[in-house]
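This report covers aromatic contacts in the structure shown below.

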Amino acid sequence: MNENYDKLLQLLIDKNFENNIVPNLMLHSCCAPCSSYVIDYLSNYFNITVIYYNPNIFPFSEYIRRKEEQIRLINDMNVKYKVNIIDCDYDNDLYEEAIKGLEFEPERGNRCTICFKMRLEKTVKFAKEGNFDYFATTLTLSPYKNAKLINKIGLDLEQQYGIKYLASDFKKRDGYKKSIELSKLYNLYRQDYCGCKYSKKK
């Protein structure tokens with residue numbers, strides 16, 4: 001039976017809201033367009049720190065462009081609770097080492113699974129160091145990403161590190177459609193490939 005992660009998230013939000021609780025959330029962002037809707041939605045209920053950690057992105061100029069768009073978006077957005085950002089190192093060499101032997105895997109294959117885990121593990125480590133209440137990722141917004149797999153990775157890391165994972169399926173409630181609308185509103189650069197050089201070739 002498939003879990004309704006969107007419903008679980010909304011139940012948690014409603015419970016915290018009723019009890020006047022505003023938790024601290026470490027939110028991994030894959031890019032400004034995907035984060036636009038997620039930040040717009042969650043910043044009404046959480047104190048968010050965005051962690052920009054995407055060592056898969058290639059080339060470096062593309063990485064810089066996406067990072068700068070993320071920073072600009074956060075500065076431009078009108079939110080209830082202020083959003084902060086952590087700018088991590090590029091770490092592309094670590095990514096290439098982690099996926100060695102999987103270069104010719106198809107998109108959504110094992111290479112992507114390792115990439116998801118690498119980014120989420122960095123997120124939970126920062127969340128633990130900062131004593132955050134939750135960690136999460138914007139990755140479940142994309143209709144091209146496997147939300148069930150991403151949530152499984154997050155929940156496994158929750159058990160490993162002792163920081164609650166905010167399970168989600170942000171494409172629900174027209175999340176992806178709203179991200180496109182917000183991207184137009186903020187004139188965001190929308191990339192035409194996921195990020196790594198292997199997805200660029202595809």
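## Tyr63 and Tyr52

Tyr63 is buried, at 1% relative accessibility, and Tyr52 is buried too, at 0%; buried means under 20% relative accessible area, exposed over 50% and partly exposed in between, with a 1.4 Å probe and protein chains only. The model is predicted: local features need pLDDT of at least 70 and side-chain atom pairs count only at pLDDT 80 or more, while totals for chains, interfaces and linings use all residues. Residues are numbered from 1 along each chain as its sequence is written, and side-chain values use heavy atoms, without hydrogens and water.

## Aromatic pairs

The whole structure holds nine aromatic pairs (rings of Phe, Tyr and Trp, the last by its six-membered ring, with centres within 6.5 Å; planes under 30 degrees apart are stacked, over 60 edge-to-face, the rest tilted). Tyr37 and Tyr41 are stacked because their ring centres are 5.7 Å apart and their planes meet at 15 degrees. The two residues are four apart in helix 2 (residues 32-42), so about one helical turn separates them. Tyr37 is buried, at 6% relative accessible area, as is Tyr41, at 11%.

The pair of Tyr52 and Tyr63 is tilted, with 5.7 Å between centres and 50 degrees between planes. Tyr52 belongs to strand 2 (residues 47-52) and Tyr63 to helix 3 (residues 60-76), so this pair ties together parts eleven residues apart in sequence. Helices (H or I, at least four residues) and strands (E, at least two) are DSSP runs numbered from the N terminus.

## Cluster and charges

Phe17, Tyr37, Tyr41 and Tyr45 make up one aromatic cluster.

Arg66 lies over the face of Tyr193, 5.0 Å from the ring centre (NZ of Lys or CZ of Arg within 6 Å of the centre and within 35 degrees of the ring normal). The charged end of Lys197 is placed over the ring of Phe58, at 5.3 Å from its centre.
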